[in-house]
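Hello,

Below is the structure you asked to look through. My notes on what was found follow it.

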Amino acid sequence: MQTRTLGQQGLHISALGLGCMGMSDFYGVRDEKESIATINRAIDLGVNFLDTADMYGVGTNEELVGRVVRERREWVAVATKFGNVRGEDGSFKGVNGRPDYVRAACDASLRRTGLDVIDLYYQHRVDPQVAIEETVGAMAELVTAGKVKYLGLSEAAPETIRRAHAVHPITALQTEYSLWSRDVEAEILPTCRELGIGFVPYSPLGRGFLTGQITSLDDLDASDTRRNHPRFQGEAFGKNLDLAAAIGAMARDKCCTPAQLALAWVLHQGEDIVPIPGTKRRTYLEDNLGALNVRLSDADLTRIDEVLPPGAAEGTRYPQASMASVNR
């Protein structure tokens, strides 16, 4: 397994991580047995960076990850997140970055995972009602208390990142980044690099769209929340299918799968980048890991840029209401 280092504080992990969200929430039918098998297979193949959050499955995803990791703790770094508050019924109750909530959320995540320490603890979304200095100050106290090793942010704006990093070193920023979500290249990624902060792209496969496996909404379960995303709807869906087809054509030329090409492109954007493609199936996991063996030439990268430049995708990343909580 190839490895990379996030940030400047010593977090050394596999070059590809595993996003575990879909195992418990949002992406249709759950299969706990296959999910557990997928996590174990990932660890067997050298993936030692698992990503979860307290909101995924309203805590059940942390419990799932914890059941596997507790048996193999020496091999695995676990990242989890706080800040998006949900009720027991799954309803969203807003964002909370207050210091008292930070401390309580961390203790709850430790209980659910059964771990003694969280390797990387992210603020999942920035609370506009609480100064980032207050939130990160409380997160820094968790490091001092030995409950957390490294700190991260998710979907934070450049100025927020700078202010947070001035309070305590930020090891990683987790934000959506893929061939159809390249807006971070303008300011956010350069800011991270200036400050020595690692970058963790979530949804590096465009929520599965870039794999070529989704050709109509019928390919998604009725409960799959991607059905509500603008890029999966109406005219935008057809235009984005053309982009996925272009990726498929390039992948055939490279003798790899579309998923492998899309992930290889993200990996080629810098050694400070560790994507976390999510899957709940071993077959897709193994296919994704094949991206580590795909080499892209300068000519390949130029061709990809010509076909999928920044802004190529049709539609916003999230429904409008959710877009208000990103990049702030």
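**Notes on the model**

Strands β8 and β9 run parallel and are joined by five bridges. Please keep in mind that this is a predicted model. Leucine 120 has tyrosine 150 of β9 opposite it. On its other pairing, β8 (residues 118–123) is joined to β5 (residues 77–82) by four bridges, and these two strands also run parallel. Two of the facing pairs there are alanine 79 with leucine 120 and lysine 81 with tyrosine 122. As for cover, six of the six residues of β8 are buried.

These strands belong to an open sheet of seven, paired in parallel, in the order β3-β4-β5-β8-β9-β10-β11. The edges are β3 (18–19) and β11 (198–202); each has a single partner strand, so one side of each lacks a neighbour in the sheet. Helix α3 (residues 99–113) packs on the sheet and touches β5, β8 and β9 (148–154). The direction of α3 makes about 140° with that of β8.

There is also a hairpin, made by β1 and β2 with four residues between them. β1 (residues 3–6) and β2 (residues 11–14) pair in the antiparallel sense over four bridges, and threonine 3 has serine 14 in β2 as its bridge partner. In the turn, glycine 7 has a positive phi of about 70°.

**Core**

The largest nonpolar core has 81 residues. Leu18, Ile39, Leu153, Ile161, Leu173 and Phe199 are the ones with the most contacts inside it. Helix α8 (residues 258–267) supplies the largest share of this core, eight residues. Another core, of 16 residues, lies apart from it and includes Leu120, Tyr122, Val274 and Ile276. In soluble globular proteins, nonpolar side chains tend to be buried together.

Leucine 18 touches residues in several parts of the sequence, among them Met23, Ile39, Phe49, Ile276 and Leu285.

Alanine 259 is found in helix α8. Is this residue, alanine 259, buried or exposed? Its relative accessible area is 4%, so alanine 259 counts as buried. Leaving out residues up to four places away in sequence, alanine 259 touches Leu205, Leu210, Thr211, Asp287 and Asn288. The C-alpha atom of alanine 259 is separated by 34 Å from that of alanine 164, and the two residues are 95 apart along the chain.

**A buried arginine**

Arginine 86 is found in strand β6 (residues 84–86). Why does arginine 86 count as buried? Its relative accessibility is 17%, and the cut-off for buried is under 20%. What does the side chain of arginine 86 meet at 2.5 Å? A polar contact of that length joins it to the side chain of aspartate 25. A polar atom of the arginine 86 side chain also lies 2.7 Å from the backbone oxygen of methionine 55. Besides Asp25 and Met55, the residues that arginine 86 touches include Phe26, Gly57, Val58 and Phe92.

**From the record**

UniProt, in an unreviewed entry, places the feature "domain: NADP-dependent oxidoreductase" at residues 16–307. Over residues 16–307 the model is 40% helix and 14% strand. The end C-alpha atoms of that stretch are 25 Å apart.

Regards

How values were computed:
Residues numbered from 1 in each chain as written. Predicted model: local features only at pLDDT ≥ 70, side-chain atom pairs only at ≥ 80, totals over all residues. Heavy atoms only, no water. Pairing = 2+ DSSP bridges. Contact = heavy atoms within 4.5 Å. Axes fitted to C-alpha atoms, helices over the stretch in contact; angles between N-to-C directions. UniProt positions renumbered as here; feature names shortened; annotations may be inferred. Buried < 20%, exposed > 50% of the residue type's maximum accessible area, 1.4 Å probe, protein only. Polar contact = N/O pair within 3.5 Å; in protein donor to acceptor, adjacent residues only side chain to side chain. Core = buried A, V, L, I, M, F, W, Y, C linked by side-chain atoms within 4.5 Å.
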